[in-house]
Amino acid sequence: MDLRLPSKVLEHIFSFVDSNEDRNSVSLVCKSWYETERRTRKKIFVRNCYAVTPEAVARRFPEMRSLTLKGKPHFADYNLVPDGWGGYAWPWIEALAEKSPSLEELRLKRMVVTDECLEKIAASFKEFKALVLTSCEGFSTDGLAAIAVACSNLRELELRECIVEDLGGDWLSYFPETLTSLVSLDFSCLDSAVKLSDLERLVSRSPNLKSLKLNRAVSLEALGSLLRLAPQLVELGTGSFSDKLDQEAVSKLSQAFSELKQLKSLSGLWDVHPEYIPLLYSVCPRLTSLNLSYATVQMPDLVELLSRCSNLQKLWVMDLIEDKGLEAVASSCKELRELRVFPSGAEDLDETNVAMTEQGLVSVSEVCPNLESVLYFCVQFTNEALVTIARNRPNLKCFRLCVMEPFSPDHKTQKPLDEGFKAIVEGCKDLQRLSVSGLLTDKAFQYIGTHGKKIRMLSIAFAGESDLMLHHLLSGCESLNKLEIRDCPFGDTALLENAAKLETMRSLWMSSCFVSFGACKLLSQKMPKLNVEVIDEHPPETRPDSSPVERIYIYRTLAGPRLDMPEFVWTIHKNLEIGVSNLAIE
Amino acid sequence: MITELEMGKAESELELGLGLSLGGGTVGKIVKTGGGGGGAWGERGRLLTAKDFPSVGSKRAADSASHAGSSPPRSSQVVGWPPIGSHRMNSLVNNQATKSAREEEEANKKKVKDDETKNVTKNVNEKFQVGFIKVNMDGVAIGRKVDLDAHSSYENLAQTLEDMFFRSSPCTIGLTGQFNKPLRLLDGSSEFVLTYEDKEGDWMLVGDVPWRMFITSVKRLRVMKTSEANGLGI
């Protein structure tokens with residue numbers, strides 16, 4: 001008896017399956033499920049733009065409406081990936097323009113996007129609704145103008161921490177008067193001032209506008225008039241938060257803030273002048289997310305502000321908050337889920353605020369039951385603190401600790417921080433993301449390999465003693481998906497012995513370690529489904545096989561060798577003498 | 001406990017390093033702070049700091065580098081470390097530049113004032129606010145800050161610093177407990193000397209100029225190992 005469900009019924013059922021993880025599972029059940037699933041999937045996530053070709057993606061998912069793409073490895077954020085490495089959006093946009101003209105949403109992260117790309121998007125996708133670029137570069141404000149003028153159904157335009165060639169603020173004026181569909185606008189990373197009257201008109205004809213993130217050039221006074229036009233905002237990123245306002249202007253601004261009954265998220269807040277902080281008091285009780293990481297506000301003012309934010313779930317702040325401030329935050333903001341503390345010192349980063357130590361984080365971990373995500377920059381830490389944090393918060397999912405001076409030991413005992421991190425991985429069984437720092441021996445990595453079974457992403461710098469460290473990680477961390485390591489003293493052995501592991505991971509980044517060119521060649525030969533990229537200023541072929549290479553980026557791929565490698569990137573495919581014929585090229 | 005990596009053949013047909021002379025392998029102990037170690041890690045660039053901005057006295061970068069001499073590479077000299085995104089880094093640099101610009105402005109204004117009054121003793125009646133300045137000590141990771149306005153003499157200051165760095169208290173780090181006798185930072189008899197960076201970026205020995213002249217020109221302090229204080233008059 002044929003128990004197969006008709007595809008129409010399957011389609012209907014699958015329409016309720018939202019998460020891509022579930023959809024991936026669905027597609028593996030059998031051929032007919034695979035076929036039905038692929039024909040109905042609308043949101044596609046490609047987390048490594050070189051893992052698959054755009055044509056293959058377009059072919060598999062004919063109903064694609066939304067595509068999320070990631071390009072450069074994470075360490076590109078810290079200038080470890082040289083310019084010109086890759087991550088170009090153009091081949092994708094070109095292919096999609098032809099094969100998926102109904103595309104509505106494009107979300108790109110760490111990719112090179114040119115003005116041509118933006119013009120192509122504007123010209124090719126008639127139903128285009130959302131463009132979100134995170135940490136992208138390569139385009140100018142002219143490209144933005146092209147999007148603004150042509151996309152008549154635009155809902156989202158967000159530029160998050162992009163590097164944009166700023167040719168002025170005119171681009172905003174290109175939004176036509178007929179555009180009334182805007183829901184989210186984020187131009188916080190741009191420098192030039194936009195014309196205020198154009199911005200006001202845009203905001204007033206956008207009744208659905210929920211998220212507005214201004215750039216630093218928008219004054220406090222201008223903010224007032226914008227808020228009066230958009231009291232329905234749920235997310236606000238202010239511009240510069242200091243000005244010379246008279247009493248009347250201040251009270252008008254205060255009134256405008258109190259009208260923001262739906263506001264849940266607040267960011268921007270550059271150059272905060274303490275005098276104007278009270279303006280925010282009226283929105284505090286409703287806030288769930290507050291980004292003060294650009295606000296150079298001292299501890300007492302921070303505490304005064306945060307004491308009013310009883311519903312806060314996400315807090316980003318600078319270490320100006322100090323231990324005392326974090327203690328106060330802990331008791332005011334019991335709903336806290338995510339805490340990020342950034343360093344405030346620039347000139348001497350390892351001499352940043354001395355009044356913020358491990359104690360601040362310990363306080364928060366003691367009091368906030370929902371705390372699950374931490375990013376913490378500080379100058380010192382202890383094993384005792386780590387043990388306490390782990391005991392207090394076994395529900396931690398993301399723990400990123402950056403003790404800023406490399407090789408810093410436990411400042412009380414002068415011992416390595418091995419035992420502390422052991423407590424973290426042992427106690428926090430659901431830990432998915434971990435960044436370690438401070439003085440660490442191979443033991444720390446033995447502990448991580450033994451206990452960190454759910455860890456998917458791991459970042460390591462200036463740590464360990466030998467190949468054992470890498471061996472522990474690759475052989476122990478079952479869920480490991482992304483590993484990025486810099487300045488650690490391991491060589492080839494562990495890497496080669498655990499080569500098979502690399503196919504189960506998305507990517508591995510190693511820089512300033514002791515992996516040799518010979519090992520890279522060997523790995524490439526034996527593992528055809530990986531791209532092993534050697535990124536080195538000096539061509540590795542001119543050096544002996546035993547010499548270490550500067551940077552290595554390894555990732556699994558179905559797309560074979562990439563065709564856009566610059567001269568400082570070497571893969572096995574470049575050197576014809578080393579058996580290209582052995583490799584399966586799709 | 002695994003003390004050696006067992007080198008056998010991997011499960012797959014992968015052949016490990018039996019033919020190729022692979023470099024690396026099990027490497028010796030890594031170099032910790034105090035030894036530089038720049039060579040082992042390859043090239044080191046330098047993060048942009050306010051000192052790189054031409055308008056904010058870039059000459060100081062070269063000067064302080066030569067005076068900093070044998071101190072270990074600070075974390076601010078390593079490429080991409082600490083791991084802060086470029087947008088945030090630029091913002092920090094801008095804050096620092098604005099602060100330095102303001103400091104320079106104030107310093108210039110003050111210089112004009114100084115030129116006008118040749119007699120140092122006349123300054124006694126002027127209320128000059130210096131505020132907190134940073135103090136670092138060789139071998140200690142964390143710097144401290146000291147309020148110069150709360151001090152009236154070199155003896156005063158030395159006492160405070162000795163209390164800060166050498167008396168045992170819960171928050172003193174680094175060399176706690178090693179020094180139980182009072183230190184003499186000013187007379188050259190101890191292992192450490194007190195030095196300062198002036199507004200022109202030069203490092204000088206503390207105690208050479210009258211106190212009031214000192215507090216108007218001091219930018220920050222450093223408790224330096226006597227053995228490293230070359231060319232500063234020891």
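Helices (H or I, at least four residues) and strands (E, at least two) are DSSP runs, numbered from the N terminus. The model described here is predicted. Counted in this way, the secondary structure of chain A comes to 19 helices and 23 strands.

**Chain A as a whole**

Along its principal axes, the C-alpha trace of chain A spans about 75 × 65 × 60 Å. The radius of gyration of chain A is 26 Å, which agrees with the value near 25 Å that a compact globule of 586 residues would have.

| Helix pair | Axes come within | Crossing angle |
|---|---|---|
| α1(A) (7–14) and α3(A) (31–40) | 10 Å | roughly 55° |
| α6(A) (115–124) and α7(A) (141–150) | 8 Å | roughly 5° |
| α13(A) (358–367) and α14(A) (383–392) | 9 Å | roughly 15° |

How do α1(A) and α3(A) lie to each other, oblique or roughly parallel? The axes of α1(A) and α3(A) cross at roughly 55°. That makes α1(A) oblique to α3(A), and their crossing is right-handed. From α1(A), the residues Ser7(A), Leu10(A), Glu11(A) and Phe14(A) take part in the contact, meeting Ser32(A), Trp33(A), Thr36(A), Glu37(A) and Thr40(A) of α3(A). This contact has three nonpolar, four polar and two charged residues.

For the second pair, the crossing angle is roughly 5°. Because angles under 35 degrees count as roughly parallel, α6(A) is roughly parallel to α7(A). On the side of α6(A), the contact is made by Asp115(A), Leu118(A), Glu119(A), Ile121(A) and Ala122(A), while α7(A) supplies Asp142(A), Gly143(A), Leu144(A), Ala146(A), Ile147(A) and Ala150(A). Sorted by class, the residues of this contact are seven nonpolar, one polar and three charged.

The contact of α13(A) with α14(A) consists of four nonpolar, three polar and two charged residues.

**A sheet in chain B**

In which order do the strands of the open sheet in chain B follow each other? The five strands are arranged as β2-β1-β5-β3-β4, and their pairing is mixed. The edge strands of chain B are β2 (144–147) and β4 (203–205), each of which pairs on one side only. On average, neighbouring strands of this sheet are turned by 35° against each other, direction ignored. Strand β1(B), residues 132–137, runs antiparallel to β2(B), and four bridges join the two. Val135(B) has Arg144(B) of β2(B) opposite.

**Two backbone details**

In chain B, the peptide bond between Trp81(B) and Pro82(B) is cis, with omega about -5°. Pro82(B) belongs to the loop between α1 (59–68) and α2 (86–116) of chain B.

Which loop of chain A holds Glu161(A)? Glu161(A) is found in the loop between β6 (156–160) and β7 (163–165) of chain A. The phi of Glu161(A) is near 50°, a positive value in a residue other than glycine.

Key
Residues are numbered from 1 along each chain as its sequence is written. Chains are lettered from A and ligands numbered from 1 in the order in which they are written. This is a predicted model: local features need pLDDT of at least 70, side-chain atom pairs count only at pLDDT 80 or more; totals for chains, interfaces and linings use all residues. Side-chain values use heavy atoms; hydrogens and water are left out. Two strands pair if DSSP finds at least two bridges between them. Axes are lines fitted to C-alpha atoms, for helices over the stretch in contact, and angles run from 0 to 180 degrees between N-to-C directions. Angles under 35 degrees count as roughly parallel, over 145 as roughly antiparallel, 65 to 115 as roughly perpendicular and the rest as oblique. A crossing is left-handed if the near helix is turned anticlockwise from the far one by less than a right angle, and right-handed if clockwise. Contact means heavy atoms within 4.5 Å. Ala, Val, Leu, Ile, Met, Phe, Trp, Tyr, Cys and Pro count as nonpolar, Asp, Glu, Lys and Arg as charged, and the others, Gly among them, as polar. The radius of gyration is taken over C-alpha atoms; the globule rule is 2.2 Å times the number of residues to the power 0.38.
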